[in-house]
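This report describes a protein for a reader who is new to structural work. Please keep the sequence and the structure in view while reading.

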Amino acid sequence: MFLLQVVIVLLLVAAAVTAVVVQANRGSEREAERLSVTAAESFANAPGTAEALNARNPTAILQPRAEAARQRAGVDFVLVTDTDGIRLTYPDPKQIGKKFVGTIEPALQGRTVVERAGGPPLPTGEGTAVQAVVPVTGADGSVVGLVSAGITVENVGDLVERQLPIILASGAVALVLSTTGAALVSRRLRRQTHGMGPAEMTRMYEHHDAVLHAVREGVLIVGADGRVLLANDEARRLLDLPADAERRPVADLGLDEETARLLASGEPVTDAVRLVGDRLLAVNKRPTAPYGGQAGSVVTLRDTTELATVTGRAEVARERLKLLYDAGVRMGTTLDVTRTAEELAEVSVPQFADAVTVELLDPVLRGEEPPGADTELRRTVVHGREGDYGLSPVGELIRFPPAGPVATAVAGGRAVLEADLSASDAWRAPNPERGRGVLERGVHSLIVVPIRARGSLLGVAHFWRADASAPFVEEDKSFAEELAARAAVAIDNARRYTREHTMAVTLQRSLLPRGMPEQNALEAAYRYLPARAGVGGDWFDVIPLSGARVALVVGDVVGHGLHAAATMGRLRTAVHNFSTLDLPPDELLGHLDELVAHIDTNEAAAEGQDGQEITGATCLYAIYDPVSGQVAAATAGHPGPAVVHPDGNVTFPRVPASPPLGLAAGLPFETVELTLAEGSELVLYTDGLIRDRNRDGDPDAGLEALRAALAGSDRTPEATCAAVIEAMLPAQPSDDIALLVARTRRLDPADVAEWDVPRDPAAVAQVRAACARRLADWGLDDMSFSTELILSELITNAIRYGGDPITVRLMRDRSLICEVSDGSSTSPHLRRAKTTDEGGRGLFLVAQYAEHWGTRYTPAGKVIWTEQSLEGGAVEPRGFGDILLDQWSDEAF
């Protein structure tokens with residue numbers, strides 16, 4: 001644009017110079033004509049000119065005069081001719097007497113002639129000249145001669161050339177001034193247009209007009225003085241503005257006072273809703289600064305009248321989507337059927353309904369399979385915004401009639417709407433009196449939705465609205481069905497979990513001890529708490545052993561569910577079986593480790609996992625001897641026991657650590673022996689008791705909490721169990737908890753008798769007699785015969801087949817216990833003697849007189865023991881001869 005302006009200025013300057021030159025030429029010619037006419041007329045009218053023409057020698061008179069006149073007039077020549085055109089004077093005397101070059105006829109007639117004509121050379125030049133021919137009149141008025149004066153064209157051009165530098169300088173100055181002005185104007189325009197070119201400016205203004213007038217929002221620009229500077233078509237329509245609204249104050253546009261004040265104020269406004277006429281307008285206002293233009297505000301107006309209904313529906317849809325999301329998050333978190341139904345009610349009230357009731361089938365509540373479509377349901381949940389609204393209470397069994405909305409919903413599998421309960425009687429048929437009470441409390445609308453999952457009916461849900469809440473409409477049915485569908489899946493999952501959990505708990509409790517066995521060595525109490533997430537494999541046991549001893553067992557199978565419970569039952573049975581062998585703790589755990597490894601291998605092979613699936617279990621096995629007060633314990637990956645001493649102090653004896661069962665890979669287990677004072681409490685537990693207590697912190701913190709819970713004296717095992725569970729039980733146990741507390745007792749030394757037996761058959765009678773005296777002291781005379789017979793046989797066998805030392809011990813506990821120990825590891829076996837055998841019938845007699853008998857091995861040899869009941873008195877033999885004769889058949893004689 002600037003270059004175009006410079007070119008235009010150059011063209012204008014050139015045209016101006018040309019025009020000035022042309023005008024100067026014309027002016028010079030006119031000036032030459034004027035000078036020529038003036039010089040010629042002056043000389044022609046000069047006194048004496050006419051008389052000189054009549055003189056004898058006019059040239060002599062007129063030649064000096066003519067040259068003087070030429071110089072005064074500033075022309076190139078002044079000459080005088082006679083009426084025939086013969087020169088009488090001329091600047092060049094040589095040309096006098098020659099014919100004048102030019103037109104003389106008009107001058108002879110008395111007129112002045114101005115023309116261009118050529119002539120002889122002049123002192124100032126030659127060529128065409130601008131000349132005037134004037135007549136000289138006599139006294140009588142006749143033409144007596146002619147006077148011609150003129151200037152050559154070259155001299156006229158010299159005049160123009162003398163003016164041309166001035167003209168060109170003026171043009172250059174004009175060009176500079178014009179260019180500078182154009183540059184300043186262009187710069188100002190560029191600054192005002194922010195550097196945009198014409199095309200951009202055109203496009204911007206086209207878009208400005210298009211947007212301003214085509215947009216469906218009203219746009220007003222209001223100046224700082226409150227006058228309307230601009231209003232588009234939509235603003236005029238929405239505000240019903242007059243045609244001359246622009247440049248008028250806002251207060252004069254006929255708007256209401258509040259709207260006019262809002263538009264004229266300088267305060268920003270965001271989405272202010274104003275009622276203007278019959279339209280609901282959303283007003284937004286922002287200051288124009290710092291975006292350019294005059295100080296003021298830009299106001300946008302949006303008609304929200306048509307969008308009000310759509311917006312309301314969108315808001316309802318948004319709230320319901322959020323409610324469905326909340327329902328998905330909140331329902332089904334506990335795997336409890338009743339709690340899941342309560343969560344459905346809590347999610348729905350008050351966002352969707354004022355009250356919700358849920359009725360479920362009884363088998364569903366028990367975790368059983370639903371029987372099918374049934375309208376006899378038990379009310380499980382009643383949850384209202386303002387109480388129960390008089391609805392049937394929780395726990396009531398409701399028989400819904402076949403013609404009511406519940407039956408219709410169950411049969412059709414779809415929600416049923418009762419928009420006006422006062423106009424319908426079917427819904428209150430189960431209890432008309434209660435139904436009237438519900439209406440009196442303001443309940444007016446109902447939706448009944450069947451709760452179905454996996455094709456089976458679980459129950460129904462009632463959504464109630466009351467008081468000022470809007471009645472349910474058809475669109476609400478689909479939302480209620482969606483809520484019920486989500487709840488149905490959660491309820492069915494909880495039902496399935498309840499069934500499996502009940503089965504697992506039933507199985508586990510059937511495999512756990514149902515009571516403590518009778519024994520005098522310990523006073524025991526226990527607690528078993530299954531995990532909320534699923535039954536695990538924890539177990540415990542109290543097993544009476546020979547010699548008044550008692551075995552205490554606690555274990556934990558890895559995992560949860562039926563598999564863990566079944567594995568626990570197998571291990572508990574195995575521990576019982578191994579205990580009958582009177583094995584020490586380390587050997588028993590060694591056999592149990594082989595069994596678990598065998599189970600793992602078989603199960604992994606059956607599942608095709610190449611032995612990679614490890615069942616795993618932990619176990620603590622301890623044997624308490626009430627005679628010595630010693631405890632022998634060994635552990636396989638299980639937490640060690642705690643000991644509460646009689647003074648209330650709590651210690652955790654260090655038990656050698658060993659891998660869990662199934663992972664020991666044949667490594668030996670180690671046994672630790674402790675001596676406990678009478679009245680001490682031996683506490684065995686599973687890791688669920690301490691692990692949940694401090695799941696994310698220091699593992700020793702759980703043991704310290706257990707120590708604090710156990711501390712104290714003069715508490716029974718039952719009280720200790722209660723205190724520990726109260727202090728240690730987590731709110732949501734994730735693992736089973738087994739706790740076994742046993743208070744130790746000592747066998748009275750007066751109830752124990754012991755003799756060393758020399759290796760001499762004659763000593764048998766002495767020991768037998770000593771035993772008879774002790775039995776008499778204990779008041780057990782009636783058991784002397786059988787006891788002497790048993791001891792005679794056992795001592796004789798020890799002397800004959802055993803090794804030193806030989807010891808006999810009698811103990812009076814819940815039964816009479818006889819023990820004969822020797823240094824040999826050879827164990828006798830009960831067998832039926834052949835007819836030719838001289839012996840081999842002694843153990844048979846022992847088995848006949850003793851209630852139980854067996855052998856246990858010690859590091860020094862073995863112990864053969866027998867137990868005889870004290871409650872039933874002495875065993876009445878059928879006769880010694882009969883016993884012996886029973887060893888042979890009739891055919892042997």
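## Salt bridges

A salt bridge is a side-chain nitrogen of Lys or Arg within 4 Å of a carboxyl oxygen of Asp or Glu. In this predicted model, the structure holds 40 salt bridges. Three of these pairs are described below.

Arg236 is partly exposed, with a relative accessible area of 22%. Glu246 also counts as partly exposed, at 34% relative accessibility.

## Two pairs in helix α14

Helix α14 covers residues 474-511. Within this helix, Arg486 and Glu482 are four residues apart, so about one helical turn separates them. Their side chains meet in a salt bridge of 3.1 Å, N to O. Arg486 counts as partly exposed at 33% relative accessibility, and Glu482 counts as partly exposed at 33%.

Asp492 and Arg495 form another salt bridge, in which the distance from N to O is 3.0 Å. Because these residues are three places apart in helix α14, they too are separated by about one helical turn. Are Asp492 and Arg495 buried or exposed? Both of these residues are buried. They also belong to one network, in which salt bridges that share partners join Glu369, Arg454, Asp492, Arg495, Arg496 and Arg499.

Asp541 is located in strand β17, which spans residues 536-544. Its relative accessible area is 3%, and residues under 20% count as buried, so Asp541 is buried.

With which side chain does the side chain of Asp541 make a polar contact? The partner is the side chain of His576, at 2.9 Å. When neighbours within four places in sequence are left aside, Asp541 is in contact with Pro513, Ala551, Leu552, Val553, Arg572, His576 and Leu740.

## A loop proline beside the strand

Pro517 is found in the loop between α14 and β16 (522-529). With 27% relative accessibility, Pro517 counts as partly exposed.

Pro517 and Val542 are 25 residues apart in sequence, and their C-alpha atoms are 7.0 Å apart in space. Not counting residues up to four places away in sequence, Pro517 touches Val542 and Pro544.

## A nonpolar patch on the surface

Val273, Leu275 and Leu280 form a nonpolar patch on the surface. Together, these three residues have about 260 Å² of accessible area. One of them, Leu280, is part of strand β8, which runs over residues 279-287. Leu280 is partly exposed, and its relative accessible area is 32%.

## Cysteines

A disulfide is a covalent bond between the sulfur atoms of two cysteines. How many disulfides does the structure contain? With the rule that the two sulfur atoms must lie within 2.5 Å, the count comes to zero.

Cys771 provides an example. The closest cysteine sulfur to that of Cys771 belongs to Cys818 and is 7.0 Å away, so the two are too far apart for a bond. Cys771 is buried, with a relative accessible area of 0%. Cys619 is likewise buried, and its relative accessible area is 0%.

## The protein as a whole

The protein has 23 helices and 30 strands. Of its 893 residues, 45% count as buried. The protein exposes about 44100 Å², and carbon and sulfur atoms supply 54% of this area.

What share of the contacts between residues at least 6 apart in sequence join residues at least 24 apart? The share is 61%. The pair Pro517 and Val542, already described, gives a case of residues 25 apart in sequence that touch each other.

Conventions:
Residues numbered from 1 in each chain as written. Predicted model: local features only at pLDDT ≥ 70, side-chain atom pairs only at ≥ 80, totals over all residues. Heavy atoms only, no water. Patch = residues over 30% accessible without salt bridge, like charges linked within 9 Å, V, L, I, M, F, W, Y side chains within 5 Å. Areas by Shrake-Rupley, 256 points an atom, 1.4 Å probe, with all protein chains shown as cover. Buried < 20%, exposed > 50% of the residue type's maximum accessible area, 1.4 Å probe, protein only. Polar contact = N/O pair within 3.5 Å; in protein donor to acceptor, adjacent residues only side chain to side chain. Contact = heavy atoms within 4.5 Å.
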